[in-house]
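Here are some quick notes to read next to the model. Have the viewer open as you go.

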Amino acid sequence: MSIIIDHTTPVLIQGITGKEGSFWAKHAKNYGTHIVAGVTPGKEGQDVDGIPVYHTVRRAVQEHPIEASLLVVPPKAAKGAVLEALDSGIKVIVVTAEGIPLHEMMQLRKIALEKQAMVIGGNTTGIISTGKAMMGFFPYWLDRVYKPGRVGVMTRSGSLTNEVTAEIVKAGFGPSSIVGVGGDPVPLTRFAEILSLFEKDPDTDAVVMIGEIGGTMEEDVAEAIEQRIFTKPLIGFMGGRTAPKGQKMGHAGAIITAGKGTVEDKVEALVKAGALVADRPSMIGQLLQKVL
């Protein structure tokens with residue numbers, strides 16, 4: 001089992017005929033993802049690696065049962081593309097674009113919640129259910145990273161994901177599903193919302209969370225553990241331990257503001273709730289061996 005998507009989920013790719021869209025569509029298809037259609041305005045009648053292309057999402061859903069959509073579009077087109085997918089009834093949407101305006105992200109999160117849809121991103125590498133399906137940019141051919149297993153991974157950092165997941169595999173485990181919530185200041189789906197899915201998944205025994213400075217998502221996770229909303233073992237790792245206050249580190253979401261969002265605050269909250277926190281990636285495997 002996996003969370004959010006598996007090999008049976010019919011997937012749409014918006015922006016499929018672009019350089020990145022066509023490249024990752026082929027890789028996702030080769031991995032086993034059930035990609036049924038793509039959308040690029042003005043390109044209907046074409047195909048990408050045998051995947052039919054339509055002018056609009058509405059046209060695509062008229063021809064195919066579609067449950068999820070991957071957006072490979074520029075930031076200025078992201079809001080319209082998300083709304084088009086939501087208006088067509090799609091309930092799982094992954095937004096890869098970085099730098100979508102803050103007010104647009106706030107609007108999209110509100111609309112998605114109203115429609116009971118899960119929109120993941122922006123600025124995310126996506127989601128992958130190892131050995132089954134992916135929506136995003138994952139080098140799944142790296143066996144030392146993407147070996148299927150029973151440890152869920154949720155992350156704010158694309159660059160740390162491969163390093164941390166490699167440590168999970170090195171310790172004798174593997175990821176069940178990996179979810180990148182994205183690195184922008186307003187994530188469209190938050191850690192605590194992903195955590196509840198891992199709690200319900202019988203094939204996930206523990207979760208590794210790759211957090212960072214800035215925001216309060218990690219504190220939300222600590223609260224979920226304290227309230228017994230999440231009851232499985234959780235290992236945390238925080239990027240940005242040496243970041244100076246007020247300085248953006250890596251991307252827009254990794255910044256300490258108003259005295260909040262420090263690594264110390266996050267670690268203290270998690271440890272108090274009963275989670276284990278690794279000081280460095282190489283410790284994660286040891287902590288997993290301890291709890292599993």
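**Notes on packing and buried positions**

1. First, the ground rules. This is a predicted model, where local features need pLDDT of at least 70, side-chain atom pairs count only at pLDDT 80 or more, and totals for chains, interfaces and linings use all residues. Residues are numbered from 1 along each chain as its sequence is written, and side-chain values use heavy atoms, with hydrogens and water left out.

2. Start with helix 6 (residues 191–200) and helix 7 (residues 217–226), whose axes sit 8 Å apart at an angle of about 40°. Helix 6 is therefore oblique to helix 7. For the terms: helices are DSSP runs of H or I, at least four residues, strands are runs of E, at least two, and both are numbered from the N terminus. Axes are lines fitted to C-alpha atoms, for helices over the stretch in contact, with angles from 0 to 180 degrees between N-to-C directions. Under 35 degrees is roughly parallel, over 145 roughly antiparallel, 65 to 115 roughly perpendicular, and the rest oblique.

3. Who meets whom there? On the helix 6 side we have F191, A192 and L195, and on the helix 7 side M217, E218, D220, V221 and A224; contact means heavy atoms within 4.5 Å.

4. V221 turns up again in the largest nonpolar core, which has 70 residues; M154, V221, L234, L270 and I284 have the most contacts inside it. Such a core is a set of buried Ala, Val, Leu, Ile, Met, Phe, Trp, Tyr and Cys residues joined through side-chain atoms within 4.5 Å. Buried means under 20% relative accessible area, exposed over 50%, and partly exposed in between (1.4 Å probe, protein chains only). Another core lies apart from that one, with 27 residues, including V39, L71, L86 and I93.

5. Have a look at T155 in strand 10 (residues 151–155). T155 has a relative accessible area of 2%, so it counts as buried. Beyond four places in sequence, its contacts include F191, I178 and I210.

6. Strand 6 (residues 92–95) holds V94, and V92 is in that strand too. V94 is at 0% relative accessible area, while V92 is at 14%, and so both are buried. Leaving aside neighbours within four places in sequence, V94 is in contact with residues including S69, L71 and I120, whereas V92 touches I4, E67, A68, S69 and M118.
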